Amino acid sequence: MLIFFVIASGCAAEPAPGLALEAAWVRAMPPGKSMTAAYGTVINNYPQAIEIVSISSDAYAHVSLHQSVLENGVASMRAVEPWLMEADSRLQLEPGGYHLMLMRPQRAIAAGDQVSLVLTTGDGAEYRFTLPVESR
């Protein structure tokens with residue numbers, strides 16, 4: 001199994017092959033809330049599509065890709081499964097659109113903390129990211 005370590009940062013650099021996560025952050029929530037979201041830009045730097053089969057975090061019991069949609073005047077969120085990143089593509093994660101839902105925190109998480117995420121692809125590769133928790 002291949003394991004790739006990536007730390008999200010604001011530095012510009014030549015993209016490494018695989019998945020990258022730029023300008024990523026987790027929204028801080030008041031104590032007692034059971035879910036929050038992560039935002040940023042997911043980038044597939046490979047010349048072929050990558051299927052993301054799972055997302056995990058040691059800080060949350062469940063993490064998944066969701067999309068906010070508005071149908072007939074009613075806003076809702078839908079899980080996106082499977083998650084296929086086309087070759088050389090970008091997916092913007094932002095409020096009101098695609099985002100990572102982080103559910104059931106395993107500990108108290110506040111602004112200034114760091115949250116680890118692991119994206120696992122269909123071929124077993126793991127991409128690890130560290131995101132800051134911010135109040136925005």
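A residue counts as buried when its relative accessible area is under 20%, as exposed when that area is over 50%, and as partly exposed in between. The exercises below use these classes on a predicted model.

**Exercise 1. The chain as a whole**

Task: State how many residues the protein chain has and what share of them is buried.

Solution: 
- Step 1. The protein chain has 136 residues, and 40% of them count as buried.

**Exercise 2. Confidence in the model**

Task: Find the mean pLDDT of the protein chain, and say what the pLDDT is over residues 1-13.

Solution: 
- Step 1. The mean pLDDT is 87, and 88% of the residues reach 70 or more.
- Step 2. Over residues 1-13 the pLDDT is below 50. Beyond near neighbours in sequence, this stretch still has 22 contacts in the model.

**Exercise 3. One residue and its surroundings**

Task: Locate L65 in the secondary structure, decide whether L65 is buried or exposed, and list its contacts beyond four places in sequence.

Solution: 
- Step 1. L65 belongs to strand β5, which covers residues 60-71.
- Step 2. The relative accessible area of L65 is 3%. The cut-off for buried is under 20%, so L65 is buried.
- Step 3. Neighbours within four places in sequence are left aside; L65 is then in contact with I55, R78, A79, V80, W83, L91, L93, Y98, H99 and L100.
- Step 4. For a distance across the sequence, take M101, which is 36 residues from L65 along the chain. The C-alpha atoms of L65 and M101 are separated by 6.2 Å.

**Exercise 4. Salt bridges and exposure**

Task: The structure holds four salt bridges.

Solution: 
- Step 1. E126 is buried because its relative accessible area, 15%, is under 20%. R128, at 29%, counts as partly exposed.
- Step 2. At 59%, R136 is over the 50% cut-off and so counts as exposed. E134, at 24%, is partly exposed.

**Exercise 5. Backbone details**

Task: Find which peptide bond ending at P82 is cis, and describe where A23 and D88 lie, given that each has a positive phi.

Solution: 
- Step 1. The peptide bond from E81 to P82 is cis, with omega near -10 degrees. P82 is in the loop between β6 (74-79) and β7 (83-85).
- Step 2. A23 is not a glycine, and its phi is near 50 degrees. This residue is part of strand β2 and is exposed, with a relative accessible area of 57%.
- Step 3. D88 is another residue other than glycine with a positive phi, near 45 degrees. D88 sits in the loop between β7 and β8 (89-93) and is exposed at 55% relative accessible area.

**Exercise 6. The second largest pocket**

Task: Give the volume of the second largest pocket, the residues closest to its centre, and the make-up of its lining.

Solution: 
- Step 1. Rolling a probe the size of a water molecule over the atoms shows where empty space is left.
- Step 2. The second largest pocket holds about 190 Å³ of space.
- Step 3. This pocket is lined by 17 residues, and M29, P30, K33, P105 and I109 are the closest to its centre.
- Step 4. Strands β2 (19-27) and β3 (35-44) are the elements that give two or more residues to the lining.
- Step 5. Sorted by type, the lining residues are 12 nonpolar, two polar and three charged.

Notes. Residues are numbered from 1 along each chain as its sequence is written. This is a predicted model: local features need pLDDT of at least 70, side-chain atom pairs count only at pLDDT 80 or more; totals for chains, interfaces and linings use all residues. Side-chain values use heavy atoms; hydrogens and water are left out. pLDDT is the predictor's confidence in each residue, from 0 to 100. Contact means heavy atoms within 4.5 Å. A salt bridge is a side-chain nitrogen of Lys or Arg within 4 Å of a carboxyl oxygen of Asp or Glu. Buried means under 20% relative accessible area, exposed over 50%, partly exposed in between (1.4 Å probe, protein chains only). On a 1 Å grid over the protein atoms alone, a cavity is a set of points where a 1.4 Å probe fits but cannot get out, and a pocket is an open set with protein on both sides within 12 Å along at least five of seven lines; lining residues have an atom within 4 Å of a point. Grid points are joined across faces, edges and corners, and a volume is the space filled by probe spheres set on the points. Helices (H or I, at least four residues) and strands (E, at least two) are DSSP runs, numbered from the N terminus. Ala, Val, Leu, Ile, Met, Phe, Trp, Tyr, Cys and Pro count as nonpolar, Asp, Glu, Lys and Arg as charged, and the others, Gly among them, as polar.
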